[in-house]
Amino acid sequence: MEQKDIRFRKQRDLGVVISDSFDFLKQEAKPIFRMIGIYVLPFVILYAGAQVYFQRNVLSQFDLTNPESLMADIGPFYLNLFMFMFFGLFVQSLLVGTYYSYLEAYIKHGRGNFQLADISSSFFSNSLLALGANFLFAVIIFFGVMMCIVPGIYFANTFSLMLFIFIFEKKGISDAMSRSWKLVNSGWWNTLLLNIIGIAIFYLVSMVLSIPTLIMGVTNVFSSEITNPADYPNLYWVLSAVSSVITTIVFIVPFTFQAFQYFNLAERNDPTTPLNPQE
């Protein structure tokens, strides 16, 4: 594939947003995955290991044939689940903060005009920004879902660009929320379809990677030697961990969609307005 400097700030229809996103990922795959491998992958592997430990621990403690025992153990389960979910939020924030730092440098300096060492100092600060924005986003979606499923979907889509705006423009979380609200509502349905496609890609990859463990799980169900899923062979849990690592990294696909959609909508709404202080 011919190497080119991909311009982010450009009006695109839905198909071009998707195709340009994949072109960018294919072209920049080597530095992106080197960066992720150095700065993010160790935490992703730790998260996958924690996920396997959590699953095995839960399955080994719960007696699914005894409802009374199940209810007695539900309290510690929810506590562990909350801690595990928060760790997952941290890992996702680290991934997006690091990845968006790369996009920020690419947009500001151009392709090939910076090294990973030049931007490594911004990984941690941008990841902290991502963690705060992700936590707020999760709270908003939670209350939206509690009100009804439809408000939850509306909030999730309307604030889907908030994270990128917060990191890229660095004007505060309230400004990022209002900016996302304004931009997304100028192309709400296209943004929704783009987010659905991103989520579908994530779950499709997850389903494909889960096939080996699904086959092993079905095989062990009919084994007379294994009465609890926690006793599945180690290979089953290794494959589960590998699947978790890969699917976590696949999150960069919808993140890329959202970055391109941000510039697409910004160009349509205010093409003469600088998007950040550096422009």
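**View 1. Phe87, a partly exposed ring in a predicted model.** Phe87 has a relative accessible area of 21%. Phe90 is also partly exposed, at 29%. Here buried means under 20% relative accessible area, exposed over 50%, and partly exposed in between (1.4 Å probe, protein chains only). The model is predicted: local features need pLDDT of at least 70, side-chain atom pairs count only at pLDDT 80 or more, and totals for chains, interfaces and linings use all residues. Residues are numbered from 1 along each chain as its sequence is written, and side-chain values use heavy atoms, without hydrogens and water.

**View 2. Aromatic pairs, with Phe87 and Phe90 stacked.** The structure holds 32 aromatic pairs. In one of them, the ring centres of Phe87 and Phe90 lie 6.3 Å apart with planes at 15°, so this pair is stacked. Rings of Phe, Tyr and Trp (its six-membered ring) pair if their centres lie within 6.5 Å; planes under 30 degrees apart are stacked, over 60 edge-to-face, the rest tilted. Both residues sit in helix α5 (residues 74-109), 3 residues and about one helical turn apart.

**View 3. Tyr102 and Phe114, an edge-to-face pair.** Tyr102 belongs to helix α5 and Phe114 to the loop between α5 and α6 (116-119), so the pair ties together parts 12 residues apart in sequence. Tyr102 and Phe114 are both buried.

**View 4. The helical setting.** The protein has 14 helices and 0 strands. Helices (H or I, at least four residues) and strands (E, at least two) are DSSP runs, numbered from the N terminus. Of the 279 residues, 46% count as buried.
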